[in-house]
Amino acid sequence: MTTETRPLQDAVHLLPQTEQLRALHTIIRDRHADRADFVSNASRIFRQVLEAGLEQLPYEPHEVQTPVGRTYHGLRLTSQVCGVSVVRAGDSIEAELRVMMPGIRLGKILIQRDKVTKLPHLYYSALPLDIADRHVLLVDPMLATGGTALAAIQLLLDKGVPEEHIVFVNLLSAPEGIRAVRERYPAVRMVTSSIEERLDENAYMQPGIGDFGDRYFGTDAPQ
Ligand code: PRP
Ligand code: URA
């Protein structure tokens, strides 16, 4: 089976489509959602995809002594982790990652899609100096055409991060974007809470959520 014909689910870890998850999606996809509800319920899904992203990383045995004098045969991450957010929308997931792991090192990449051509442009990056020695949770809620994700991943590779050390965590993925990332960077793992039907002619996902960044940060038109 070629990469083109393999099911999309082979390329991406899709969260179990539980009723609770679908209820959260129902709140944030509603065009009439109040902004506070949008932010709080999106954050609840971010927590789930981030925990699933951490599941993709390697662990090694690690023992600790419990307060009652017993040994707990546990696990710990084998290498350091950092987060890298794609500004601006990625800052929404980054905020949840900071709550989960307050000490985590965080990098930023500013890539914006041109409003007309929809092509990504890299404006700025600031990354941990030792990023090549870390596993990276790359966070951006939207994977549409994949242009932004490809540019962000290429930048990480240029900084020496091995492809297999990158886990791309997002909220919604279009089939077109999943295929683009899988074709170019097959070792990058992806985690999402929904695989959408397709992109429309304006490169927005269907059924989708509209412009995520505008809705999350409140730069959309007032209702
Ligand atoms: C959105 C989103 C991704 C990108 C995905 O950002 O957050 O970064 O589009 O689209 P693609 O897969 O087709 O490249 P946008 O450029 O709209 O900016 P924003 O972060 O300010 O919302
Ligand atoms: N960016 C968004 O915010 N929404 C989409 O549907 C596609 C890209």
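Modeller: Happy to. Let me start with a term: two residues are in contact when they have heavy atoms within 4.5 Å of each other. With that in hand, take the contacts in the protein chain between residues at least 6 apart in sequence: 64% of them join residues at least 24 apart. Please keep in mind that what you see is a predicted model.

Before the close-up, here is the setting. The protein chain has six helices and 14 strands. Its C-alpha trace spans about 60 × 40 × 35 Å along the principal axes. For 223 residues, a compact globule would have a radius of gyration near 17 Å, and the 18 Å of this protein chain agrees with that. Of the 223 residues, 44% are buried.

Now to the part you asked about. Searching the whole structure gives four aromatic pairs. One of them is formed by Phe38 and Phe212: the ring centres are 5.3 Å apart and the planes meet at 50°, so this pair is tilted. Tilted is the word here because edge-to-face needs planes over 60 degrees apart and stacked needs them under 30. The two partners come from distant parts of the chain, with Phe38 in helix α2 (residues 35-55) and Phe212 in helix α6 (residues 212-217), 174 residues apart. Phe38 and Phe212 are both buried.

A second pair has another geometry. Tyr216 and Phe217 are edge-to-face, with 4.9 Å from centre to centre and 70° between the planes. Put together, Phe38, Phe46, Phe212, Tyr216 and Phe217 form one aromatic cluster.

Ala42 sits in helix α2, and its relative accessibility of 0% makes it buried. Setting aside neighbours within four places in sequence, Ala42 contacts Ile28, Asp37 and Phe212, and Phe212 is one of the cluster members. Ala42 can also be placed relative to Leu171: the two are 129 residues apart along the chain, with their C-alpha atoms separated by 8.4 Å.

Asn41 is in helix α2 too. With 8% relative accessibility, Asn41 is buried. Not counting residues up to four places away in sequence, Asn41 touches Leu24, Ile27 and Ile28.

The buried residues of helix α3 are Gly90, Ser92, Ile93, Glu94, Glu96, Leu97 and Met100. They pack against α2 and α6, and also against the strands β4 (81-87), β5 (105-113), β7 (135-139) and β9 (166-169).

Arg88 lies in the loop between β4 and α3, and the peptide bond from Val87 to Arg88 is cis, with omega near 10°. Pro207 is in the loop between β14 (205-206) and α6. The peptide bond from Gln206 to Pro207 is cis as well, with omega near 0°. In the loop between β13 (198-199) and β14 you will find Ala203. Although Ala203 is not a glycine, it has a positive phi of about 65°. Ala203 is buried, at a relative accessible area of 10%.

For contrast, look at Pro67, in the loop between β2 (59-65) and β3 (71-77). Pro67 has a relative accessible area of 88% and is exposed.

The protein chain exposes about 11600 Å², of which carbon and sulfur atoms supply 52%. There are 24 positive and 29 negative side chains, and the centres of the two sets lie 2 Å apart.

Notes:
Residues numbered from 1 in each chain as written. Chains lettered and ligands numbered in written order. Predicted model: local features only at pLDDT ≥ 70, side-chain atom pairs only at ≥ 80, totals over all residues. Heavy atoms only, no water. Helix = DSSP H or I, 4+ residues; strand = E, 2+ residues; numbered from the N terminus. Rg over C-alpha atoms; globule rule 2.2 N^0.38 Å. Buried < 20%, exposed > 50% of the residue type's maximum accessible area, 1.4 Å probe, protein only. Areas by Shrake-Rupley, 256 points an atom, 1.4 Å probe, with all protein chains shown as cover. Lys, Arg positive; Asp, Glu negative; His and termini not counted. Charge placed at Lys NZ, Arg CZ, Asp CG, Glu CD. Phe/Tyr/Trp six-rings, centres within 6.5 Å; stacked < 30°, edge-to-face > 60°.
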